[in-house]
Amino acid sequence: SAWSWNEDRQQYYYHVFTVEQPDLNYRNEFLVEDMKDVMRYWLNLGVDGFRVDSIPHLFEDTRFLDEPWTNKTGVQEGDYDSVEHIYTQNLPETYDMVHQFRAVVDEYKAKDGVTRVMMTEAYADTEQMMAYYGTDDKPGAHFTFNFMPIMYLSNSSTAQDFSDVIHEWVDNVPKGRWGNWVFGNHDQHRVASRYGLDLADAINMLVTLLPGTAISYMGEEIAMEDTPLTWEQTVDPQGLNAGQKDYVEFSRDPERTPYQWDNTTSAGFSTNATTWLPVNPNYLELNLENEIIAETSHFKVYQQLTGLRSTKTIQLGSPNTQVVSEWIFTFSRYFTTGLYVLLVLVSAFLVSATAALPVQEELDWWQKTVIYQIYPRSYRDSDGNGVGDLRGIWQRVKPIKDAGAGAIWLSPIYESPMKDFGYDIINQTVIDPLFGNMEDFMDLMNITHLLGMKLILDFVPDYSSDQHEWFQKSVKRIDPYTDYYIWHDGKVDNETGERSVPNNWVSAFEGSAWSWNEDRQQYYYHVFTVEQPDLNYRNEFLVEDMKNVMRYWLDMGVDGFRVDSVPHLFEDTEFLDEPLSHDPNALEGDYDSLVHIYTQNLPETYDMVYQFRAVVDEYKKKDGVTRVMMTEAYETINQTMLYYGTDERPGAHFTFNFLFIRNLTENSTADDYDYIIHQWMDNMPEGRWANWVVGNHDNHRAASRFPHLADAINMIAQLLPGTAVTYMGEEIAMEDTFISWEQTVDPPGLNAGPERYQLFSRDPERTPYQWDNTTSAGFSTNATTWLPVNPNYVTLNLAAQVNADESESHYKVYQRLTGLRQTNTIQRGSLETHVISKMLEGEETYIVLVNLGDDEALVDLSQFYSSLPEVLSVAVASVESGYDFRDEVSSNEVTISEFEKMKYFQIGLLVTLGVAFGTFPVDAQEDDLEWWQTTVLYQIYPRSFKDSDGDGVGDLKEMSKFWKSRNL
């Protein structure tokens, strides 16, 4: 019975589930408001939405009439299925309450524009389930769980059964609503047990590649199976209530047993050999660790499938189903001829699943993402001391993800006396207290990984601080540190006995690169400041120590390194004078006054880069996940390309492309841009990956170097083939800040003196990030910051651009561009010039058009591109262009205003059909998709995911850290 007696109240209370779970009365307005406040409590804490449980049971008929018998065979009196629940499920008031719940989550979207998702659980018929979507006037769930595969499919279902179930959902989803696919959860036997292990991958293909959101129950990615449990081991109330005879039929324990991480005690779920439910004995072979290591595995199939979900074809492509025979079912998702085809052979004895992937090899994460550089001192100050720190970054990771970046690269955060603001390192494995501590770093890394992003550190191999333990021991000639640095006796005048520097080598920060150490009675070499002695990579112990620094951070979980100043790793052992450059703009003692043939890009340097790459590849061999290595080298094109290495000895995944920084200015012509682009693309070794860098912490900001071209430069960087690298602030077009001589703190600027400091100082591009128009631009609560904030922060700040229309917001242009980077066309499209075109058969074609002149121009694009449609659609327009998104223009008469009026047009299906999205299964268009529509939702049953304290029961502590460390 659903009724139990309460002695104290002398009444029965209703409970649709256990006696200990009395049902709430939603006809009481105070109860309703209290429950809404529960939602608001968690939304205020920052959760991203809710799965609303058991929604059909919210209301009961007030007449309390008996429900009619179902007369189902095999059902006993007292079973839930013995009656038709016409008075206790899916009452009209229930749908209204769902709408009220939706209104609560929408309150928060109204504040900041970010959707909090609401999903409802309802095992009901098609009409009842679809009603939970609500209407345009009274929206309900963003989606209600599609349990049709659970309710109507089994291991004996035919191809026609699969087709019918898919169409039952797709054909009945209300217009403009979004589908979803659920094959398993904590209340149903596991997919691999219901359908057989051989069909696990095929079912995952259906879940991830059919139109809509995919929902995975933990363990489905590795094909976990039900665990057989005895009556004595049963704890689920549903099983216990059924009794020893029938518990197997009703118990949900088999699908709730602990996650199988590895083959250690309790499958790595717990250090306790006794867990709240027993671990499946098959964990010795079937576990995540094994599947990561294996050449092919359910997990790797699952990874590949979830990767495909980022493509436009899978997100929005039309579905086409075909029943080939009784046991063969196929469907396709397509735009014109761009196909992802799934073929599933369903058989009791033999199952095969294949996906027709693009011809090219699947792109790795570092190839598809935007890498966002943070200069920690200037990103966000959390403690009010005027200097940015790790906790400040931790608090503001989400805006980076919102901007569209997928990886964060941190400039140095290690212990340092800050003579060069962090690049002079005392200890490469200790966080400088100015930035926080290791706990702060782990918090930052964990939240970054939790958001699906990567964290990349600066690795500074060329030098250390003179306060480093190694240098102190080297001064004292304590082995093995005696030769960890470059030491030289210097020259001695035979007549006077006067000692002088060994040669004419100069520091990049002005003056001689040699300084005398009184204790050791020798000169030491430093390509940068006096406090930054260069390390000696001809010492094998030093080399191993530096590799171990890399391993330390890789063991901590970082996703790769930007390797600093690699050209300077080796110096010629003859210590010969370098020749004069005869640069007319360089004074004696300037770095550019010499040609650095003995101190840069020596053959040994490239070999060391290959050795560093071997270290990061050690970790990929363990788990199949790439740790990226990027190298910094301001060199000739030929020297730069050598850092890529060879197939036999790979070097950097990519070496930074600084051509836009070094070779282009505000006066550059279209021919200059064309030349620079092809200089990189035409010289890059075959099979290697390009990248585009327009600014960083060592060069004046792009918006200052290219006035009025901020959006255009971002478009070029984001849409050219390769990885895009963004320096913090470029997404809102931050400009250099004027810094007086008195305010200057950068060593190169100080060394140049008050007359020339502006030629060398890097302070202008390092000023604090401009968050809003409050004190210190929201960077700090302190009105005095380590470098002054740009006075233009009052109007030029992130908050203002988030709230502005796209036509007035550099940030929104940037967001649209990073979104477009997820398309096949941008990721894989070919490049041709006149302007820039990226074409991929079966996908849209994009054309980027830039006016670099001062006069309005009329362009006939048909002269440069054949087979263009007459009408083009604007996909992105720069802030001052006069064009809006989806404006239509004639291909043979495109007007481009003066300055940086840059348009981003798309052609192909989208334009050929006149912006016709009618072929899509829903009304959503690419730019309309939200996070909950494109993602995979992963259900965790907390008791069974990971036990951190050894009590045999899963818990929250370190859940996300452990999950991400296993590359889920």
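## Two crossing helices

The crossing of helices H17 and H18 in this predicted model is right-handed, a term used when the near helix is turned clockwise from the far one by less than a right angle. Helices here are DSSP runs of H or I with at least four residues, strands are runs of E with at least two, and both are numbered from the N terminus. H17 covers residues 540-556 and H18 residues 603-623; their axes come within 10 Å and cross at roughly 30 degrees. Such axes are lines fitted to C-alpha atoms over the stretch in contact, and their angles run from 0 to 180 degrees between N-to-C directions.

From H17, the contact (heavy atoms within 4.5 Å) involves Val 543, Lys 547, Met 550, Arg 551, Leu 554 and Asp 555. H18 contributes Met 608, Gln 611, Phe 612, Val 615, Val 616, Glu 618 and Tyr 619. Eight of these contact residues are nonpolar, one is polar and four are charged. In this classification Ala, Val, Leu, Ile, Met, Phe, Trp, Tyr, Cys and Pro are nonpolar, Asp, Glu, Lys and Arg are charged, and the others, Gly among them, are polar.

## Basis of the model

Residues are numbered from 1 along each chain as its sequence is written, and side-chain values use heavy atoms, with hydrogens and water left out. As the model is predicted, local features need pLDDT of at least 70 and side-chain atom pairs count only at pLDDT 80 or more, while totals for chains, interfaces and linings use all residues.

## The chain as a whole

The chain contains 31 helices and 34 strands. Of its 968 residues, 57% are buried; buried means under 20% relative accessible area, exposed over 50%, and partly exposed in between, with a 1.4 Å probe and protein chains only. The accessible surface comes to about 41100 Å², and carbon and sulfur atoms account for 50% of it. Among contacts between residues at least 6 apart in sequence, 67% join residues at least 24 apart.

## Aromatic pairs

The structure holds 55 aromatic pairs. Rings of Phe, Tyr and Trp (its six-membered ring) pair if their centres lie within 6.5 Å; planes under 30 degrees apart are stacked, over 60 edge-to-face, and the rest tilted. The rings of Phe 441 and Trp 553 are edge-to-face because their planes stand at 70 degrees, with centres 5.2 Å apart. This pair links distant parts of the chain, as Phe 441 lies in helix H15 (residues 438-450) and Trp 553 in H17, 112 residues apart.

Trp 553 also forms an edge-to-face pair with Tyr 552, at 5.0 Å centre to centre and 90 degrees between the planes. Trp 553 is buried, with a relative accessible area of 1%, whereas Tyr 552 is partly exposed at 29%. Elsewhere, Trp 366, Trp 409, Tyr 634, Phe 654, Phe 656 and Phe 658 form one aromatic cluster.

## An enclosed helix

Helix H27 (residues 810-820) is largely enclosed by the rest of the structure, because eight of its 11 residues are buried. Among them are His 810, Tyr 811, Arg 816 and Leu 820.

## Backbone features in loops

Asp 479 and Pro 480 are joined by a cis peptide bond with omega of about 5 degrees. Pro 480 is placed in the loop between helix H16 (469-475) and strand E17 (487-488).

Ser 54 is not a glycine, yet it has a positive phi of about 50 degrees. This residue lies between strand E3 (49-52) and helix H2 (92-112), in a loop, and is buried, with a relative accessible area of 13%. Ser 776 likewise has a positive phi of about 50 degrees. Its loop runs between helix H25 (757-760) and helix H26 (798-803), and Ser 776 is buried at 8% relative accessible area.

Definitions and conventions: Areas by Shrake-Rupley, 256 points an atom, 1.4 Å probe, with all protein chains shown as cover.
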